[in-house]
Amino acid sequence: MFFKQTVLKRMFKAAYKGAGLTVGHMAESAEASEGYYISSGWWVMWFSADEMPKEAKAAIIELSGDLPAVGEVFKAIKDMGNQYEIEQKEIFNLPAAFKKCECRFRVTKLLGQQGDKVIRFIQEDGATRHVTAVSEIFIDLIDPKAIDYEGGEYEPIGPVTTCPTAPFMYWGNNTCYLMAGIRTPDQEDEEADFWKYLEGIEIL
């Protein structure tokens, strides 16, 4: 996987202690490959069932006590146990969503602050130079050193989206995928004017 283990575990724990950590095991079908998906609501990770690292599985089991069987999905919440839910493939089928992404973005060096969150500005590699941002934790999560090159894994493609103003940003390779919710400026604040200004320049 191209995810840094320490950051991945931190994200899992934050979701588990907060609104809940959703874990599902997607069955193979004409529309989907077999895989595990993990979500907090504002991000989703997807792992090929055959390629999911034992470290990622262990991090989930440490919190939830188990992994779901094929076709099962549950939400694990601290002090509330595991609550089984109805599977929603259209939301969590990241490989299918990733294939629809034709708009490429570039991660810049520019950081910002929104409330208590550090954000990273991302700019479209196109004529519009559309500017958006994601939480810095996603940039910390992606780690080229974690890629299993010997096992046949290749470097991830991303960030990409379905269109410049899409609400989610994707990264993916042949073993796992990430969907991250984007952050937008307050339209009634000077922050929005600053973001608009950034679209008129090429951010390094």
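Analyst: Start with a cut-off: a residue is called buried when its relative accessible area is under 20%. The model here is predicted. Phe 92, with a relative accessible area of 10%, is therefore buried. Tyr 37 counts as buried too, because its relative accessibility is 1%.

User: How many aromatic pairs does the structure hold, and how is such a pair read?

Analyst: Two quantities describe a pair of aromatic rings: the distance of the centres and the angle of the planes. The structure holds nine aromatic pairs. In one of them, the ring centres of Tyr 37 and Phe 92 are 4.4 Å apart and the planes stand at 5°, so this pair is stacked. It joins distant parts of the chain, since Tyr 37 belongs to strand β2 (residues 35–39) and Phe 92 to helix α3 (residues 89–92), 55 residues apart.

User: Are the rings of Trp 46 and Tyr 177 stacked or edge-to-face?

Analyst: Planes over 60 degrees apart count as edge-to-face. For Trp 46 and Tyr 177 the planes are at 70° and the centres 5.9 Å apart, so the pair is edge-to-face. This pair also links distant parts of the chain: Trp 46 lies in strand β3 (residues 43–48) and Tyr 177 in strand β11 (residues 176–181), 131 residues apart. Trp 46 and Tyr 177 are both buried. Elsewhere, one aromatic cluster is formed by Phe 2, Phe 3 and Phe 47.

User: What is the order of the strands in the sheet?

Analyst: In general, the strands of a sheet pair through backbone hydrogen bonds, and the pairing is either parallel or antiparallel. Here an open sheet of 11 strands runs in the order β5-β4-β1-β2-β3-β11-β10-β9-β6-β7-β8, with antiparallel pairing. β5 (81–84) and β8 stand at the edges with a single partner strand each, so one side of each has no neighbour in the sheet. On average, and with direction ignored, neighbouring strands of this sheet are turned by 30° against each other.

User: Which residue of β2 stands opposite Met 26?

Analyst: Met 26 stands opposite Gly 35 in β2, and Thr 22 opposite Ser 39 in that strand. β1 and β2 pair in the antiparallel sense over five bridges. With strand β4 (residues 73–77), β1 has antiparallel pairing over four bridges. There, Gly 24 has Val 73 as its bridge partner.

User: Which residues lie on the two faces of β1?

Analyst: One side carries Leu 21, Val 23 and His 25, and the other Thr 22, Gly 24 and Met 26; all are buried, which covers both faces. Strand β1 (residues 21–26) is mostly covered, with six of its six residues buried.

User: Where is Phe 74 found, and what does it touch?

Analyst: Phe 74 is in strand β4. Phe 74 counts as buried because its relative accessibility is 1%. Not counting residues up to four places away in sequence, its contacts include Leu 21, Thr 22 and Val 23, as well as Asn 82, Gln 83 and Tyr 84.

User: Which residues of helix α6 are buried, and which are exposed?

Analyst: An α-helix has 3.6 residues a turn, so residues three or four places apart point the same way. In helix α6 (residues 190–198), the buried residues are Ala 192, Trp 195 and Leu 198. Their arc around the axis is only 115°, which puts them on the same side of α6. Glu 190, Asp 193, Lys 196 and Tyr 197 are exposed on the other side. The buried residues of α6 pack against β6 (103–114), β7 (117–124) and β8 (131–135).

User: Which strands does helix α1 lie across?

Analyst: Helix α1 (residues 5–17) lies across β1, β2, β3 and β4, and runs at about 125° to β3. For α6, which packs on the sheet, the direction makes about 35° with that of β7.

User: Which residues touch the most other members of the largest nonpolar core?

Analyst: They are Phe 3, Phe 12, Met 45 and Phe 47, in a core of 40 residues. Six residues of this core come from α1, the largest share. Leaving aside neighbours within four places in sequence, Phe 47 is in contact with several residues, among them Met 1, Phe 3, Leu 8, Ile 38 and Cys 176. A second, separate core of 15 residues includes Met 26, Leu 94, Phe 98 and Tyr 177.

Definitions and conventions. Residues numbered from 1 in each chain as written. Predicted model: local features only at pLDDT ≥ 70, side-chain atom pairs only at ≥ 80, totals over all residues. Heavy atoms only, no water. Phe/Tyr/Trp six-rings, centres within 6.5 Å; stacked < 30°, edge-to-face > 60°. Buried < 20%, exposed > 50% of the residue type's maximum accessible area, 1.4 Å probe, protein only. Pairing = 2+ DSSP bridges. Arc of directions from axis to C-beta. Contact = heavy atoms within 4.5 Å. Axes fitted to C-alpha atoms, helices over the stretch in contact; angles between N-to-C directions. Core = buried A, V, L, I, M, F, W, Y, C linked by side-chain atoms within 4.5 Å.
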